Amino acid sequence: MYKLSKTRVYMIIAICLIGIFFAVPNFIGNKIQLPSWWHPVNLGLDLQGGSNLLLQVKVDDVIKERMGQIEDEIRQSLRENKIRYQNLNAGADSVKVKIDNINARTKAISAFRRLNGDWQVTEASDGVIEIRYTEQALNEIKRKAVDQSIEIVRRRIDETGTNEPSIQSQGVDRIAVQLPGEQNPERIKSLLGKTAKLTFHLVDSRTNAADARRGKLSNSSRLINSWEGGSMVIERKPVVGGEHLVDARAAFDGGMPVVSFKFDTYGGKKFGEATQNHVGERLAIVLDNEVISAPNIQTAILGGSGQISGNFTTESAQELALLLRSGALPAPLEVLEERTVGAGLGSDSIREGVTASVIGLIAVVAFMIAAYGLFGIFTTVAVFLNLFLMLGVLSIMGATLTLPGIAGIILTIGMAVDANVLIFERMREEVKNGRSTRDAAEAGFTEAWGTIVDSNLTTLVAAFVLLYFGTGPVRGFAVTLAIGIATSMFTSVTVTRLIITGWLQKYKPTKLPI
């Protein structure tokens, strides 16, 4: 105990100084501009105010869209196999087709099953065949839709510059979004309410909208609304989809706002082929099932990039570019619940949390000094160091502090002296058994170590369980608790041991002051 190497001493001091250094921004606040790598702990929604949104992913729309794709595949398969059919149509969760000839019906069923192993093909009455997804495939589609929606929501919110948003799944088809510091979530809601599904289609110049509305429309085309009003007939199959976009930026062309875009290699190739083979025709740019622009193809566009023009303002062009960069949602989102937490309520929470921390700290310090005298003062130094180290670690991690997180800090203040109590009580026992001052001090640290590890390890396991299975506030509590346990073990044992060792070497007492 008394032969601590200089390297070990310097390491202990260095760790303490680094922790204090990274904790300092938490006491400076917003008074001065700090570098991005040296910042205070982020405050959660309940401490700085903000908005809370509960979104529902309309997974039924995903299934309906898949049914439309299945309808196209079934139609293609029937044509390839030269099977006559009637009444092929897609419903909300299944596709039905009528085939009168029994042999043709059997052949069609076999062909459909070969197309996709996730399809459940059944023969109903009156020669009707019904195709739907299996239960397992259906659940997987829904799960992927929610996971993808969470990722797209995160990208869109990150693009707006919102600090430390919390985006988590809730239940089967819901997403909880917390936006700390955001007092007006209308722009966020507007961004999240748009699916932003972009596709490029050739305009069907052979059919006009009036004929299409009267039912004179081929299976390869469809009627669609336009942003400028009216309708337009476009080819059902897109030339290329927005999933192949790699970048989109707001720009100006002739003083007018436009959105420039760039495709990946595959998308650029498909786009180039389409524009090369259809010079003079119109290309419809479709966003969320509406034509936003339908320019004439003047020349082949082979560079894999282009631009979208229309009745854009600077703001709408920037918003569309943001949506295209972040990607399309697999399904529309509906806002089920919206709550705004005022900054005043957050300030009250912080003030009450700090008050509780101070009261807890004073109580712990008073008890340790009353029970262990000078060694209690040494422990007080370690407790303060523990708080600095906790704040430093939270700042380095970029963690978000919530009200339950403050509760974890308060709990850690009390737990931080547990190890010292075990050590000092062991010292008392050794003194009663007749051991010398130095031997008793040495035994206190070495003999109590096993008990300290056991007690903290069980709490640490509980913290990790809360962290793994918990969500939101529970995870915030678990994070601060786990960090507090780690830092308290360092300060209670290593730092206190260093202080007591220095005191013993300098004053060489004949009696321990406990």
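Me: Is Phe469 buried or exposed?
Reply: This is a predicted model, in which local features need pLDDT of at least 70 and side-chain atom pairs count only at pLDDT 80 or more, while totals for chains, interfaces and linings use all residues. Residues are numbered from 1 along each chain as its sequence is written, and side-chain values use heavy atoms, without hydrogens or water. Phe469 belongs to helix H15, residues 437-469 (helices are DSSP H or I runs of at least four residues, numbered from the N terminus). Its relative accessibility is 64%, and over 50% counts as exposed, under 20% as buried and the range between as partly exposed (1.4 Å probe, protein chains only), so Phe469 is exposed.

Me: Which residue forms a salt bridge with Glu71?
Reply: A salt bridge requires a side-chain nitrogen of Lys or Arg within 4 Å of a carboxyl oxygen of Asp or Glu. With the closest N and O atoms 3.0 Å apart, the partner is Arg75.

Me: How far apart are the closest N and O atoms of Glu425 and Arg428?
Reply: Both residues lie in helix H14 (residues 418-432), three residues apart. Glu425 is partly exposed at 30%, as is Arg428 at 26%. They form a salt bridge whose closest N and O atoms are separated by 3.1 Å.

Note on methods: Helices (H or I, at least four residues) and strands (E, at least two) are DSSP runs, numbered from the N terminus.
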